[in-house]
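The paragraphs below take them in turn, starting with a charged one.

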Amino acid sequence: MVLSVPQPNLASTGADLDYGGVPLWINRLLGEPSVLSLQGRIDPAWHRANNPQACPEQCDCPIQWPTALYCDHRALDGIPKDLPHRTQYLFLQGNNISSLPSSVLTNTSRLRWLILDHNRLRSDEMDATALQNLTRLHYLFANHNRLSAVPSGLPAGLRQLRLAFNRISAIGAGTLQNLGNLTVLLLQGNRLQTITQGDFTSLTNVHLLDLSGNLFLSVPHHLPPSVQQLYLSNNSLSGLGEDSVSGFTGLKYLRLSHCGLRSAAVHPQAFNLSSLVELDLSYNKLSSIPTVPSSLQYLYLEANRIHQFNVTSFCREVGPLSYSRMRILRLDGNKMSYHQLPPDWVYCLRVLHHIYI
């Protein structure tokens with residue numbers, strides 16, 4: 001059964017509102033505004049006639065969210081001048097903005113969200129001091145731009161930094177220093193080839209790190225140990241060693257789809273992490289099921305070249321307390337059928353909810 005949910009008729013496309021592929025959750029109790037564009041949803045003339053507060057001509061300032069400015073999808077070449085001091089949420093996605101001068105945000109010291117997705121931002125046109133005094137800034141989104149480097153002068157209070165689908169080839173020494181409050185870092189769809197020892201040293205609280213779609217040939221070293229969600233899909237990985245993902249204290253979700261992985265290049269202990277809950281190895285070139293911890297609950301192996309089912313991949317032994325916690329197992333799109341399952345697989349995978357084969 002397929003259910004469809006009607007969507008609002010927006011002038012912008014869904015791609016403009018993906019915020020780097022990770023949902024942007026809002027807290028109404030904190031007065032956080034809608035993350036949807038107001039284009040086509042309100043009458044700007046009515047709001048201007050009934051809103052006593054100043055509002056830049058290029059933006060919408062809804063009465064219900066007095067601290068939010070919606071200046072998105074206006075074909076703007078630059079950030080509007082004379083932004084109100086009350087501004088806490090600034091939506092600028094879907095424009096033609098290429099630069100970020102130091103003076104444009106001087107009056108917005110209370111800014112919490114700055115959304116610059118789908119613009120033309122260039123690293124050489126971003127002032128190094130444009131952001132450093134925004135001490136209350138929590139979210140900086142600049143996905144789908146033309147950045148060649150991570151912006152410098154980032155404020156220490158930043159919690160989410162989303163720079164997906166740019167042209168970033170290196171992090172830069174000291175660029176991410178003092179960002180101990182950062183929890184989400186999106187760098188997928190860039191041109192990164194390596195991570196150096198000092199790049200992520202200060203990131204002690206990052207729990208979601210997306211490095212998918214870069215140019216890595218192996219799992220990069222020097223990643224933050226605090227990461228719980230690590231996404232490395234769509235990299236051309238040569239293999240996985242015993243210590244490739246051993247440096248994490250609580251890794252729960254690991255995505256390695258579309259990486260060209262072969263069974264011969266995956267160490268038997270590569271996934272020996274008791275904290276691991278979900279593992280995505282779909283769309284690779286695996287010929288056998290890798291050894292996974294018995295605590296794993298979700299394993300995605302669809303579209304590989306697997307031709308046999310090994311119970312020992314899930315259970316080294318089977319007993320009253322020795323069994324796999326697997327709930328969902330995907331093996332569809334491989335070279336095996338349900339009839340090839342050994343008769344004792346149900347004793348190992350006794351709490352399995354769904355198997356696709």
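This is a predicted model: local features need pLDDT of at least 70, side-chain atom pairs count only at pLDDT 80 or more; totals for chains, interfaces and linings use all residues.

The side chain of Asp332 meets that of Arg330 in a salt bridge, with 2.6 Å from N to O. Side chains of opposite charge can pair when their charged atoms come close.

Arg330 also forms a salt bridge with Glu302, and here the closest N and O atoms are 3.7 Å apart. This second pair links distant parts of the chain: Glu302 is in the loop between S11 and S12, Arg330 is in strand S12, and 28 residues separate them. How buried or exposed are the two partners? Glu302 counts as buried because its relative accessibility is 9%, and buried means under 20%. Arg330, at 27% relative accessibility, counts as partly exposed.

The structure holds five salt bridges. Another of them joins the side chains of Glu125 and Arg122, at 3.6 Å from N to O. Glu125 is partly exposed, with a relative accessible area of 33%, and Arg122 is partly exposed at 33% relative accessibility. Arg122 and Glu125 belong, together with Asp124, to a network of salt bridges.

Ala303 counts as partly exposed because its relative accessibility is 23%. Arg325 is found in the loop between strand S11 (298-300) and strand S12 (328-330) as well. Arg325 has a relative accessible area of 33%, so it is partly exposed. Which residues does Arg325 touch, leaving aside its neighbours within four places in sequence? They are Ser294, Ser295, Leu296, Gln297 and Val351. Pro220, by comparison, is 105 residues from Arg325 in sequence and 29 Å from it in space, C-alpha to C-alpha.

Positive phi values turn up in another loop too. Asn234 has a phi near 60 degrees, a positive value in a residue other than glycine. Asn234 sits in the loop between strand S8 (229-231) and strand S9 (253-255). With 43% relative accessibility, Asn234 counts as partly exposed.

Now turn to a residue inside the protein. Phe216 lies in the loop between strand S7 (208-210) and S8. Phe216 is buried because its relative accessible area is 1%, and the limit for that class is under 20%. What surrounds Phe216, leaving aside its neighbours within four places in sequence? Its contacts include Leu192, Ile195, Leu211, Leu232 and Leu237, and also Gln193, Thr194, Asn235 and Ser236.

On the surface, side chains of one kind can form patches. Val318, Val346 and Tyr347 form a nonpolar patch, with about 280 Å² of accessible area together. Tyr347 is placed in helix H2 (residues 345-348). Tyr347 counts as exposed because its relative accessible area is 53%, and exposed means over 50%. A positive surface patch is formed by Arg120, Arg146, Arg167 and Arg191. Arg167 lies in the loop between strand S5 (160-162) and strand S6 (184-186), and at 37% relative accessibility Arg167 counts as partly exposed.

Last comes the chain as a whole. There are two helices and 13 strands in it. Its C-alpha trace spans about 75 × 50 × 30 Å along the principal axes. Of the 357 residues, 50% count as buried. The chain exposes about 16,900 Å², and carbon and sulfur atoms supply 49% of that area. Among contacts between residues at least 6 apart in sequence, 48% join residues at least 24 apart. The chain has 27 positive and 23 negative side chains, and the centres of these two sets lie 3 Å apart.

Terms used. Residues are numbered from 1 along each chain as its sequence is written. Side-chain values use heavy atoms; hydrogens and water are left out. Patches are made of residues with over 30% relative accessible area and no salt bridge: like charges are joined within 9 Å, nonpolar side chains (Val, Leu, Ile, Met, Phe, Trp, Tyr) within 5 Å. Accessible areas come from the Shrake-Rupley method with a 1.4 Å probe; for residues, only the protein chains shown count as cover. A salt bridge is a side-chain nitrogen of Lys or Arg within 4 Å of a carboxyl oxygen of Asp or Glu. Lys and Arg count as positive and Asp and Glu as negative; His and the chain ends are not counted. The place of a charge is taken as NZ of Lys, CZ of Arg, CG of Asp or CD of Glu. Helices (H or I, at least four residues) and strands (E, at least two) are DSSP runs, numbered from the N terminus. Buried means under 20% relative accessible area, exposed over 50%, partly exposed in between (1.4 Å probe, protein chains only). Contact means heavy atoms within 4.5 Å.
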